[in-house]
Amino acid sequence: VNGVKGTFLDNQEELLELEEGQPRLDRLSELNVVKQVENLCHTDVLRSAFRSGQYPKLHGWVLSFKTGLINELSLPLEKWKKDGIIPQSYGKGGPQAADLTPRYVH
């Protein structure tokens with residue numbers, strides 16, 4: 001819960017501009033998923049993969065309870081490169097792990 005609370009506090013201005021209720025909760029959920037993907041980039045497993053030239057594809061997915069669909073979120077990869085979270089060469093056609101992106105998401 002502290003992680004979600006931190007995400008809310010870090011994005012409070014944006015979130016408070018949204019209508020109370022579901023729109024605000026949906027956006028908080030999206031922001032939390034992006035933060036958790038960022039946190040994954042700091043794990044030993046991914047740091048080791050980055051150092052060895054293996055760049056697993058990063059995805060942030062969120063389930064819409066309204067539609068029942070999984071939506072892929074846009075990740076701030078350029079910002080993460082600038083901040084040193086992922087390698088500058090990430091996504092530039094270098095060596096990458098297998099793309100495990102599902103082709104049909106329902």
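Reply: The model is a predicted one. Eight names make up the lining, so here is the list: Thr7, Asp10, Asn11, Arg27, Leu31, Val34, Lys35 and Glu38. Two elements, helix 1 (2-10) and helix 3, each give two or more residues to this lining. Helix 3 supplies the largest share, with five residues. By class, the lining divides into two nonpolar, two polar and four charged residues.

Now take helix 3 itself, residues 22-41.

Which residues of helix 3 are buried? They are Arg24, Leu28, Leu31, Asn32, Val33, Val34, Val37, Glu38 and Cys41. Leu31, Val34 and Glu38 are among the residues of the pocket lining.

Glu38 deserves a stop. The residue is in helix 3. Is Glu38 buried or exposed? The cut-off for buried is under 20% relative accessible area. Glu38 has 17% relative accessibility, so this residue counts as buried. Beyond four places in sequence, Glu38 touches Trp80 and Ile85.

Trp80 and Ile85 come up again at Cys41. Not counting residues up to four places away, Cys41 touches Leu46, Arg47, Phe50, Leu58, Trp80, Ile85 and Ile86. Cys41 also belongs to the largest nonpolar core, which has 15 residues. The members that touch the most others are Cys41, Phe50, Leu58, Leu75, Trp80, Ile86 and Tyr90. Helix 3 and helix 4 (44-51) each give two or more residues to this core. Helix 3 gives the most, with four residues. As a rule, nonpolar side chains tend to be buried together in soluble globular proteins.

Phe50 leads on to Pro87. Leaving aside neighbours within four places in sequence, Pro87 is in contact with Phe50, Tyr55 and Lys81. Pro87 is found in the segment after helix 5 (77-82). The relative accessible area of Pro87 is 19%, so Pro87 counts as buried. Pro87 and Gly53 are 34 residues apart in sequence. Their C-alpha atoms are 9.2 Å apart.

The largest pocket has a volume of about 240 Å³. Its lining is Gln22, Leu25, Asp26, Ser29, Glu30, Val62, Leu63, Ser64, Phe65, Lys66 and Asn71. Helix 3 gives the most here, with five residues. The classes are four nonpolar, four polar and three charged.

Leu25 is one of the lining residues of the largest pocket, and its place is in helix 3. Leu25 is exposed, because its relative accessible area is 52% and the exposed class begins over 50%. The C-alpha atoms of Leu25 and Phe8 are separated by 9.9 Å. Along the chain, Leu25 and Phe8 are 17 residues apart.

To put the part back together: helix 3 gives the largest share to the lining of the second largest pocket. Helix 3 gives the most to the lining of the largest pocket.

Note on methods
Residues are numbered from 1 along each chain as its sequence is written. This is a predicted model: local features need pLDDT of at least 70, side-chain atom pairs count only at pLDDT 80 or more; totals for chains, interfaces and linings use all residues. Side-chain values use heavy atoms; hydrogens and water are left out. On a 1 Å grid over the protein atoms alone, a cavity is a set of points where a 1.4 Å probe fits but cannot get out, and a pocket is an open set with protein on both sides within 12 Å along at least five of seven lines; lining residues have an atom within 4 Å of a point. Grid points are joined across faces, edges and corners, and a volume is the space filled by probe spheres set on the points. A nonpolar core is a set of buried Ala, Val, Leu, Ile, Met, Phe, Trp, Tyr and Cys residues joined through side-chain atoms within 4.5 Å. Buried means under 20% relative accessible area, exposed over 50%, partly exposed in between (1.4 Å probe, protein chains only). Contact means heavy atoms within 4.5 Å.
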